[in-house]
Amino acid sequence: KAIEAAGTSLALVHMSTPEAFAVFAREYGLDDVPAFADPDRRLYRGLGLRRGRLVQLLGPGVWWRGYKVWRAGHGVGALAGDGTQMPGVFLLHRGRVVRRFVHATAAERPEYVELCELPKA
C-alpha cells in the first residue's frame with residue numbers, strides 16, 4: 001500500500017507458469033499485481049541479474065533468514081524455474097531504469113518504499 005501511495009505501480013516477473021504464480025500471488029495478496037512469466041530468464045539477464053554462487057544461495061545469512069521466515073510460519077514452496085537465479089528490484093521511469101537493487105545474497109531485502117522514490121535531478 002505504501003508503494004502504491006507513492007505513485008508507483010508494481011509488476012512482478014517470475015519463472016513459473018502463470019497458473020502456478022497466480023496461486024502464490026493470491027496467497028500473499030498480490031493477485032491484482034501484473035505478473036510476467038519469464039521462464040527463459042531473458043528479462044533477468046537483460047537487467048543484469050546473474051545466477052548466484054553457492055555462498056549467495058546457501059550461505060549462513062541465507063540459512064538464518066530462512067529460519068526466521070520459517071518461524072514466522074512460511075514454508076518453502078516448490079521450485080519453479082532456475083533456483084540459482086538471483087533476484088533484483090528495479091524502478092522504471094519513462095522507460096528507463098532509474099533505481100535498482102541487485103541482491104548480493106538470496107537473504108537480502110531492500111527498502112522497497114525507498115526504491116520507489118525518484119532520484120533527485
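User: Before we go on, what are the ground rules for the model?

Analyst: This is a predicted model, in which local features need pLDDT of at least 70 and side-chain atom pairs count only at pLDDT 80 or more, while totals for chains, interfaces and linings use all residues. Residues are numbered from 1 along each chain as its sequence is written, and side-chain values use heavy atoms, with hydrogens and water left out.

User: Which residue forms an aromatic pair with Trp70?

Analyst: A search of the whole structure finds 4 aromatic pairs. In one of them, Tyr67 and Trp70 are tilted, at 6.1 Å centre to centre and 35° between the planes. Rings of Phe, Tyr and Trp (its six-membered ring) pair if their centres lie within 6.5 Å; planes under 30 degrees apart are stacked, over 60 edge-to-face, and the rest tilted.

User: Where do Tyr67 and Trp70 lie?

Analyst: Both are in helix H5, 3 residues apart, which is about one turn of the helix. Helices (H or I, at least four residues) and strands (E, at least two) are DSSP runs numbered from the N terminus. Tyr67 is partly exposed at 40% relative accessibility. Elsewhere, ring pairs link Phe21, Phe24 and Tyr28 into a cluster.

User: Changing topic: how many salt bridges are there?

Analyst: There are 3, where a salt bridge is a side-chain nitrogen of Lys or Arg within 4 Å of a carboxyl oxygen of Asp or Glu. Arg41, Arg51 and Asp82 are linked in a network of such bridges.

User: Is Arg41 buried or exposed?

Analyst: Arg41 is buried, at 9% relative accessible area, and Asp82 is also buried, at 18%. A further salt bridge joins Asp40 and Arg42 at 3.7 Å, N to O. There, Asp40 is partly exposed at 45% and Arg42 is exposed at 60%.

User: Now the strands: in which sense do S3 and S4 pair?

Analyst: S3 and strand S4 (residues 96-102) pair in the antiparallel sense over 6 bridges; two strands pair if DSSP finds at least two bridges between them. Phe90 stands opposite Arg100 in S4. The S3 and S4 hairpin has 2 residues between the strands, and Arg94 takes a positive phi near 55° there.

User: Finally, which residues does Thr8 touch?

Analyst: Leaving aside residues up to four places away in sequence, Thr8 touches Ile3, Leu91 and Cys116, contact meaning heavy atoms within 4.5 Å. Thr8 sits in the loop between helix H1 (2-5) and strand S1 (12-14) and is buried at 15% relative accessibility.

Methods:
Buried means under 20% relative accessible area, exposed over 50%, partly exposed in between (1.4 Å probe, protein chains only).
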